[in-house]
Amino acid sequence: MTVRIPAMTDKLGLSESTVGAVLLVWGLGALVTMQSMRKIMARAGSRAVLRIGGPLTALGLVAVAFAPNLPSLLVAVTFFGMAFGTIDVAMNAQGSTVEQAYGRPLMNGMHAGWCVGAISAGGLGSLAIAVGLPFTANVALVGLVSLPVMVLLGRTYLPESQAAGAGTAARRRMPPIVYLLGAIMFFAFMVEGTVADWNGLYMRDELGAPEAVAALGYPVFEVGMLVARLTGDRLRVRFGVRGMLTVSGAATAGFFSVVLLAPAALVAVFAMFFVGLGVATISPLTLSLAGTATDAPGPAIAQAGAMGYAGLLLGPVTIGFLSDVTSLRTALGIGVALGVLIALASRLLPHREPAALVPVPSLDREPEEIAA
């Protein structure tokens, strides 16, 4: 829906500030749901939540498409945001369940699917614009096609092994590592939100890039994220979460500095690829590790995820405030500081990987081969 926001603005005659309010309402709806998911996930599990939340998200998109005025749009966007927040927590908890069932890291590969979806949606949205498909028809079509897909996918989800004390654990304070992981994800999502909302404006206004060149920064960033997530699970097996997060934070800080010090827009665009490489694996790694912190992954992932998505909301707002009192280039320096914080916080994580995600030798080999 992001690429059709200008069309939605034209359809309802919205101002830029009103569009900002609409996006904020969507984010707050998602955040409210995430904050309430600990108990729900402990009682119902991710499979049940996804079977309900997936179709509701598709229906929410249809409601947004057909909203005839601003008040109805705000209601539809709130519903859509809340449904999206539900499945975001549940699908990451389901991803942790699948990881533990397979006994090896898979979360980065799953999040690569998100990158593919974002790139594909942008391409389909651009195609819809090119052929003159109106906002309502375009967004409603996506929602109506997604609805049966969500229902069919509900048959494939794995059940979680709910521990006897899962409900009590959801009401208790989480282990400290969950809050540490949530803080690291908060920093990473602040970087992602900052790049998504402010990169184009920085390229155009601070570096003097033409509109077409300025628009390249975010897709190049997404390509970098996709590459990193496709290789992230293999790198995790070799270097571990602690080592990967430390390097990722340092790389994010270093390459964000290159963006801010770039003498020309094309240099900054090139550096955005490496910022994407640096930040891409942080949220999948933190969610995966949070899923192993307690007997039931759902509540821990809900807690860490809610903290992370708060950064996605606050990052762009913080940059806007700082740019008003300083300059946009100075305000974007927060991306460098966030990378440093990720690297430092990651040093507090345990050295050893969770036993549930340490690959074991293949059982189809002879015992002598395994021993060797």
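In the contact between helices H3 and H13, Met 37, Arg 38, Met 41 and Ala 42 of H3 meet Gly 298, Pro 299, Ala 302 and Gln 303 of H13, contact meaning heavy atoms within 4.5 Å. By class, these residues divide into five nonpolar, two polar and one charged; Ala, Val, Leu, Ile, Met, Phe, Trp, Tyr, Cys and Pro count as nonpolar, Asp, Glu, Lys and Arg as charged, and the others, Gly among them, as polar. The model is predicted, with local features requiring pLDDT of at least 70 and side-chain atom pairs counting only at pLDDT 80 or more, whereas totals for chains, interfaces and linings use all residues. Residues are numbered from 1 along each chain as its sequence is written, and side-chain values use heavy atoms, with hydrogens and water left out.

Helices (H or I, at least four residues) are DSSP runs numbered from the N terminus. H3 and H13 (residues 297-325) pack at about 160 degrees, with their axes 7 Å apart; axes are lines fitted to C-alpha atoms over the stretch in contact, and angles between N-to-C directions run from 0 to 180 degrees. H3 is therefore roughly antiparallel to H13, a term for angles over 145 degrees, while those under 35 count as roughly parallel, 65 to 115 as roughly perpendicular and the rest as oblique. The crossing of H3 and H13 is right-handed, the near helix being turned clockwise from the far one by less than a right angle, and anticlockwise in a left-handed crossing.

H8 (residues 176-205) and H11 (residues 265-280) pack at about 165 degrees with axes 12 Å apart, so H8 is roughly antiparallel to H11. Their crossing is left-handed, and the contact has nine nonpolar, one polar and one charged residues.

The axes of H4 (residues 70-102) and H5 (residues 107-130) come within 10 Å and cross at roughly 140 degrees, which makes H4 oblique to H5. H4 passes H5 in a right-handed crossing.

Key
Helix = DSSP H or I, 4+ residues; strand = E, 2+ residues; numbered from the N terminus.
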